[in-house]
Amino acid sequence: MTLINHPPYERWHDWTELDAKAWPERVERHYALVPTTCFNCEAACGLVAFIDKESGTITKFEGNPEHPASRGRNCAKGPATINQVNDPERILHPLRRVGERGSGNWERISWDEALEAIGARIRTAITEGRGNEVMYHVGRPGEDGYTERVLSAWGVDGHNSHTNICSSNARIGYQSWMGLDRPSSDFANAEVIFLISSHLEAGHYFNPHAQRIIEGQAAGATVICVDPRLSNTGAKADHWLAPWPGTEAFMLLAIARLLIENGTWDREFVRRWVNWETYLTETRPDLPCEFASLEQALLDAYSEYTPEQAEYICGIDATQLREIAGIIGKHLSKFASHNWRSAGAGNLGGWQVARCLFFINVLTGSVGTPGGTSGNGWNKFTPAPPKGGQPIKEWNEMNWPVEYPLAYHELSILLPHFLNEGRGRLDTYFTRVYNPIWTNPDGFSWLEALSDTDKVGCHVALTPTWSETAWFADYVLPMGIGSERHDIASYETHAGRWIGFRQPVMRRYAELNGEDVGPDNRTHEYNMGEVWEENEFWVDLSWRIDPDGELGIRQYFESDERPGTPMGVDEYYGRMFAESVPGLAEAAAAANQSPLEYMRDRGAYAVPGDPYRPYERPVDPSAIDGCVRDESGVYRKPNTEGTWDGSKESLQELHLAKLGDGSPAVEVDGELKEGFPTPSKKLELFSSTLKDWGWPEYATPTWIPSHVHWEDLDLEGDERILLPTFRIPTLIHTRSANSKWLNEISHRHPLWVHPSDAERLGIAENGLVRVTTRIGHFVISAWRTEGIRPGVVAASHHMGRWRLEDAKARSWGAGLAKISNEGSQWTLNRSKGMNAYESSDPDTERIWWNDTGVHQNLTFAVQPDPISGMQCWHQRVKVGPAQVGDEYGDVVVDTEKSREAYLDWLSKTRPAPGPHGLRRPMWYARPLKPVPEAYLL
Amino acid sequence: MTRLGFVLASDSCIGCHACTVACKSEHDVPLGVNRTWVKYVETGSFPNTGRSFTVMRCNQCEDAPCVTICPTSALHKASNGVVDFDDSRCIGCKACMNACPYDALYINPATNTAHKCNFCNHRVEVGLEPACVVVCPTHAIITGDLDDPTSEISKIVARDKVSVRAPEQGTNPKVFYRGVDQAALDPTRSRIADDGMIWADTTPDHPTISPVMAEHSGNGVIGRTAYTTSHPMTWKSKVSGYLVTKAIAAGVMGIAALLVVLGHGGSSSAVGILPAVVAGLFIAITGVLLIADLKQPKRFLYILTKSNTDSWLVRGAWILGAFAAVTGLWGLLDLLGAEGAYPWLALPQVVLAAGVAGYTAFLFGQCEGRDLWQTPLLLPTLLAQAVVAGGSTYGVLDLVIDVPDQSAVRIATLGGLGALTLLIGTELVSHGSRSVELATLEMTRGAYARRFWAGGVALGLLAPIVILATPAGSTSVGTSLAGACALVGLFAYEDAYVRAGQSVPLS
């Protein structure tokens with residue numbers, strides 16, 4: 001008997017299964033299967049919606065076997081999508097605030113009313129030259145490029161993101177080596193898998209990566225996981241290394257040094273692809289500038305990074321480090337590593353974690369190799385939209401402040417402080433699947449800012465579900481989840497490129513049923529209630545901003561097929577798939593379908609091409625026509641940053657590349673090669689940019705002691721390091737509280753504490769703990785575990801969701817809370833946890849758990865890394881038993897202290913201008929790169 | 001033949017719970033119950049700490065105790081080897097939940113019937129893998145035909161080191177674990193610590209090794225259960241009560257028969273109509289308790305109309321029915337003045353009374369998940385309890401009626417009490433399996449210690465023995481007091497025994 005795992009694709013339109021509940025009676029269920037893309041985490045795995053033909057509703061979601069990354073498999077959050085669709089508390093209609101902001105009173109309005117009102121505001125802002133007062137602040141976007149184009153079409157530098165609570169440090173770490181700011185690891189073919197992350201339960205990208213890591217491990221790869229607490233990944237790893245938080249870079253440099261010392265490094269790769277000449281010139285002018293000098297230079301530079309010193313600094317056994325270096329050294333070119341958040345996101349200078357980690361990739365020649373680590377740009381494919389936008393002329397200083405010229409990217413966590421300082425105001429502020437009051441550090445400062453209508457004129461929350469932030473909005477506009485919206489997504493999940501197509505499955509189902517679904521229809525006609533999608537919303541909103549086209553905006557949203565009317569999603573994606581995705585038109589033709597139909601039926605497409613060693617690709621000599629070859633062999637192009645003379649006059653003639661300085665090729669051993677998108681076109685062991693922009697001491701891979709470095713702490717007393725960021729496999733930030741099955745599995749996040757610490761700190765078993773940060777404290781329960789380094793405590797960030805009214809904005813994860821303040825002193829008390837209640841879903845009466853966690857992020861000050869802008873999440877805290885009057889879930893914060901902390905961290909920066917009076921290196925990536933003139937300070 | 005099985009590859013499992021959720025989705029499993037879940041167990045100490053992930057579910061036993069005990073064959077073995085169930089036959093007796101040594105079954109609160117993993121047999125029927133297999137990111141759940149030597153699963157079972165849960169139960173599971181930590185596979189080797197689990201609340205329904213078990217069972221607990229699901233106790237006071245009420249019914253008729261044998265058959269209604277009425281009443285209460293304990297009480301007749309004759313629930317129902325009939329006849333004889341027939345009826349009445357009292361030993365014996373109940377001493381214990389219950393009831397009745405040979409009753413009761421003391425004592429000092437020892441610990445030193453010692457032993461055994469063995473025992477007040485003590489004590493003992501039997505975690 002052979003069983004298959006998925007319905008064969010050819011039968012998706014008409015598929016029969018047996019009713020699980022009626023079984024063993026054979027009752028047939030007839031389904032239409034429509035593929036889409038999961039909208040929970042960033043991985044964008046494939047899903048297939050099973051639409052019951054009898055009831056016309058979605059019954060379940062399974063994986064999409066046609067998806068090249070997820071390959072038909074999912075994590076818990078994939079099938080849980082059905083909970084989110086059917087959640088009894090979801091927002092079904094557009095709402096407008098009634099009464100004071102934050103009072104929790106709403107009236108239902110029509111989409112037309114919402115569009116008219118918001119469109120008129122934005123039009124006024126743009127016509128009054130206040131375009132940059134319009135801001136779109138997105139959590140994890142889950143789509144590639146759509147909204148950026150919309151903002152560009154408006155001519156507004158209003159893109160704000162969640163990046164600096166997530167990945168800024170890792171980005172700078174990778175970008176400073178290879179110009180590309182994300183790793184793409186080929187785990188499946190690796191022989192050593194080195195994770196400073198918890199990819200087997202979270203990670204960027206959990207399910208696709210977990211599949212391939214376990215595949216690699218099963219095939220014999222050694223898995224090494226670095227994490228101060230025992231993640232599930234650490235548990236599966238062959239080596240779990242739990243160094244002191246913030247010493248990871250030191251440990252990595254010790255390994256790097258061992259590789260050099262042992263002679264187990266790929267000299268030839270380093271000679272060809274690393275800017276060692278610059279390194280030697282800058283750091284060792286005393287040595288002859290020849291490759292043979294490099295080994296000695298590196299051994300000298302890292303002479304202090306011995307295994308014994310690493311044992312002292314990091315707390316990792318020297319013998320184990322030697323063993324690990326030995327393993328790595330035996331597997332040159334097959335070292336797949338990854339860091340995205342974790343230590344990178346936790347520490348001041350955490351960007352050097354990724355930089356030092358990738359140093360090992362470079363030394364082992366494991367860059368873009370089978371089993372190595374590549375750059376995201378090579379394994380991600382973003383198709384060009386059919387229409388573009390206008391150049392952005394004005395620099396938005398609220399997002400790109402002068403103090404952080406190298407930030408990757410927007411300084412989003414500082415927004416409330418900038419508003420307080422009067423650096424600007426917001427006319428119209430969109431939050432999209434973004435919940436800064438809950439997610440960001442210093443949430444009470446956000447609450448203060450968002451409550452103030454002088455600072456934020458109009459707040460529009462685009463969200464599928466209630467959130468703490470949406471509560472403080474003026475408009476709450478319900479936007480669809482994974483099965484209710486159009487998006488394109490592509491991520492560097494493995495060695496290969498793909499695009500995934502998210503679609504509103506009920507709209508597609510209507511189409512399959514022969515209904516006339518045309519450009520005049522809107523997705524909210526097919527979704528539950530009036531739940532819409534951003535794609536059409538932005539088009540219709542843009543139309544209201546510029547109804548007659550006089551602002552020059554409408555043209556970017558106008559249909560070419562039906563001039564004078566808005567472009568529909570079918571036209572948009574139909575053209576994108578037909579024109580911008582290599583091979584897709586041919587594949588569709590072979591299947592006798594249009595490219596759009598092909599994607600609507602399959603949901604994903606593997607873009608053909610060889611993923612390995614792209615930098616070695618030869619460059620056609622015609623590409624260097626008119627270019628100038630510099631002394632390092634880089635061909636520099638006229639009118640690009642690479643040939644710019646630094647004068648103001650010639651600035652406006654420059655053409656800025658999306659990535660890199662626009663130089664097309666580099667000569668290596670006499671051959672023209674594509675190289676890397678860095679100024680040197682090589683891997684930059686020495687980053688001239690960091691030196692030129694004021695950080696010469698960090699131009700090479702370096703350990704920067706963290707703001708929570710253990711030697712600075714009173715560990716004999718009550719000081720400890722708090723790790724507040726880790727994810728668990730079943731929840732996803734602020735997005736999963738509307739799934740009953742996920743919240744049933746996970747709803748508490750006690751403070752992990754080593755038993756020896758618990759004893760020393762006087763924390764009773766089952767006892768409450770008060771954790772005091774720089775700006776306040778929170779009260780949580782302790783969980784003793786041997787799975788954490790003594791001296792470190794940790795609590796997952798997922799829990800601690802709250803709502804302010806018992807019968808409103810309910811979810812499966814939010815407890816009832818009371819918020820009060822006296823001046824800058826804010827208090828949040830938990831009135832009650834989760835409890836059973838009556839609703840349209842009988843399961844609400846079966847809720848058996850009570851804990852909903854503690855909102856710890858409220859008590860964290862903003863701690864932006866002075867270079868990357870990354871929120872350095874780890875906290876230096878005092879830990880002790882709860883005090884008299886403390887109740888579980890209490891949070892107390894003084895926002896005056898928040899401001900002090902903000903100014904303190906701000907003072908660590910080295911502001912622009914950089915060379916030639918610029919605000920930011922022009923070769924650095926940036927959402928919505930403005931015109932070159934805007935770069936001048 | 002096809003024999004479908006699972007390999008649960010703990011070495012590949014990443015503990016992501018996708019299988020749990022995919023299963024909930026496929027079967028619309030309500031909150032609070034699970035067909036499959038992932039258990040986390042932590043072992044070791046920093047920095048050599050481990051956490052293992054083990055998928056827990058129905059073991060698709062070749063010799064499935066749940067199928068044997070199911071009175072209505074709602075649980076059955078399908079032709080492909082899957083232990084499947086038919087909702088429409090289930091009466092919700094929960095016997096399967098005690099028969100299963102793996103905590104695989106639960107009562108679905110939406111249907112009030114017993115559910116479990118059925119291998120997604122509705123999917124298998126149309127050629128699809130179970131939902132958990134399809135979703136698993138790391139191919140850690142492998143399914144296939146164990147009778148096909150070329151199948152992936154057969155090769156793994158043949159070549160790799162695999163284990164099964166609780167092999168000592170002799171159920172022959174078709175679910176094999178690869179790369180599994182023994183601390184995770186054996187639920188008595190780890191416990192939920194007092195500060196709870198890693199990211200879920202711990203409720204009283206989360207079974208775990210109790211502090212008493214952990215403290216007094218040597219170095220057996222080597223891990224910490226960081227995540228598991230709840231499995232509420234299924235048989236409680238109603239079942240303890242049923243044991244007492246039927247012991248009274250059986251015992252009363254037994255004593256009545258004894259009095260007949262001693263020649264008091266014609267002497268009074270105390271041997272005729274009265275015991276029949278009392279036994280009838282208590283057998284009726286027994287029936288009410290049994291039906292009230294069903295999750296589908298309206299379906300109680302399915303026991304007779306859809307019988308699985310292997311189940312001692314069914315056989316018990318027959319015995320109870322026959323006993324009730326003969327008891328009715330016994331009463332009728334008195335009304336008809338046909339006392340002369342009693343000597344003839346005494347033997348069948350005693351045999352049926354013994355059946356009523358003792359069949360539970362066989363029923364409990366079919367509860368493979370409850371090792372405490374597997375003892376061969378259970379049958380004599382139940383019989384002795386019936387004697388004590390019957391004698392005690394006569395003792396109480398002595399207040400209102402004239403019992404013809406109270407000393408015979410007293411001697412019988414004392415005999416029963418003595419036997420019971422001996423049996424319980426033997427049970428306590430003998431060494432059973434680890435499960436039995438843990439259950440015994442819980443009964444004698446843990447949550448049920450008061451019920452056991454103060455109720456079962458002091459009130460139920462010592463007090464009546466002391467009273468009956470002294471001159472006070474020959475007075476009506478004395479016999480009735482001793483009887484009342486013995487009956488109340490009996491309930492306390494049964495309650496401790498029934499609950500302690502279920503206190504050892506199975507998953």
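Modeller: Here's a quick chat about chain A and a sheet in chain B.
Modeller: This is a predicted model, where local features need pLDDT of at least 70, side-chain atom pairs count only at pLDDT 80 or more, and totals for chains, interfaces and linings use all residues. Residues are numbered from 1 along each chain as its sequence is written, while chains are lettered from A and ligands numbered from 1 in the order in which they are written.

Colleague: How many helices and strands does chain A have?
Modeller: Chain A has 27 helices and 34 strands; those are DSSP runs, helices being H or I with at least four residues and strands E with at least two, numbered from the N terminus.

Colleague: And how much of chain A is buried?
Modeller: 62% of its 937 residues. Buried means 20 or more other C-beta atoms within 10 Å of the residue's own, exposed 12 or fewer, partly exposed in between, with C-beta atoms placed from the backbone.

Colleague: Switching to chain B: what's the strand order in the open sheet of 4 strands?
Modeller: β8-β1-β10-β9 in chain B, with mixed pairing. Strands count as paired if DSSP finds at least two bridges between them. The edge strands, β8 (141-145) and β9 (162-163) of chain B, each pair on one side only.

Colleague: How do β1 and β8 of chain B pair?
Modeller: Antiparallel, over 5 bridges. Val7(B) sits opposite Ile142(B) in β8(B).
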